[in-house]
Amino acid sequence: MRRAGDSAETRANGVPPDLEYAAYARERLAAMPPPADPEAFALAYHLLQLAYLLVTDLETRIHRPRGWTLPGFRLMFKLWLLGPTQPVRLAEISAMSRSAVTNAVNTLERGGLVERRSMPEDGRAVVIALTPAGETAVREAFADQALRERQWFASLDDDERERLTGLLTRILRARPSDLP
């Protein structure tokens, strides 16, 4: 194996440099005493790398050209499925802070994609709702994102996708108790 610092030009094996580095780091960790855990490292590294690449790809190809971020799209997508929703609920189901939701809503509101509405039963409470332009925009972006997601996961068959989703769900359910 080449050293992790070798340049891309020296790689002839066709392995992407991030995966080459992960294998190298895992080998090094395997030779170390606990608490080094090469299997936990490899799992976390691959999940983080996949998440980073996926987010970067979706933002670059789909959302940034529309003037959005992926978190902004995720909020609009939730509003599309749920209908008008209180900001605190959006924060809970998005793993975002309330201030991050407020910032994203402000940006989307300036773009005419969402609006704040008073709740009829409590005039002090506010919900966020898609505007007609926001609904059209989220439908179009969703179609583009769904196509790109299929490309990302094309190497897995239906059973593998279902199994991976189940495993990830199990990890998320068993997350450390000090997390929301």
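At 42% relative accessibility, Arg-89 counts as partly exposed, a class lying between buried (under 20% relative accessible area) and exposed (over 50%), as computed with a 1.4 Å probe and protein chains only. The model is predicted, so that local features need pLDDT of at least 70 and side-chain atom pairs count only at pLDDT 80 or more, whereas totals for chains, interfaces and linings use all residues. Residues are numbered from 1 along each chain as its sequence is written, and side-chain values use heavy atoms, with hydrogens and water left out.

Arg-89 forms a salt bridge with Glu-92, their closest N and O atoms being 3.4 Å apart; the term denotes a side-chain nitrogen of Lys or Arg within 4 Å of a carboxyl oxygen of Asp or Glu. Because Glu-92 and Arg-89 are three residues apart in helix H4, about one helical turn separates them, and Glu-92 counts as exposed at 55% relative accessibility. Helices (H or I, at least four residues) and strands (E, at least two) are DSSP runs, numbered from the N terminus. In the loop between H4 and H5 lies Ala-95, whose phi is near 55°, a positive value in a residue other than glycine, and which counts as exposed at 77% relative accessibility.

The structure holds nine salt bridges. Among them, Glu-109 is paired with Arg-116, with the closest N and O atoms 2.3 Å apart, and Glu-115 is paired with Arg-117 at 2.8 Å between the closest N and O atoms. Glu-109 is partly exposed, with a relative accessible area of 32%, as is Arg-116 at 34%; Glu-115 is likewise partly exposed at 30%, and so is Arg-117 at 36%. A network of salt bridges links Asp-57, Arg-61 and Arg-148.

Strand E1 (residues 114-119) runs antiparallel to E2, to which six bridges join it, two strands being taken to pair if DSSP finds at least two bridges between them. Within this pairing, Arg-116 has Ile-128 in E2 as its bridge partner, Ser-118 stands opposite Val-126 in E2, and a hairpin connects E1 to E2 through two residues.

In soluble globular proteins, nonpolar side chains tend to be buried together. Leaving aside neighbours within four places in sequence, Val-114 is in contact (heavy atoms within 4.5 Å) with residues including Met-76, Val-105, Glu-109 and Ile-128.

On the surface, Leu-43, Leu-47, Leu-164, Leu-168 and Ile-171 form a nonpolar patch with about 390 Å² of accessible area together. Helix H2 (38-63) and helix H7 (158-173) each supply at least two residues of the patch, with H7 giving the most, namely three. Patches are made of residues with over 30% relative accessible area and no salt bridge, like charges being joined within 9 Å and nonpolar side chains (Val, Leu, Ile, Met, Phe, Trp, Tyr) within 5 Å, and accessible areas come from the Shrake-Rupley method with a 1.4 Å probe, only the protein chains shown counting as cover for residues.
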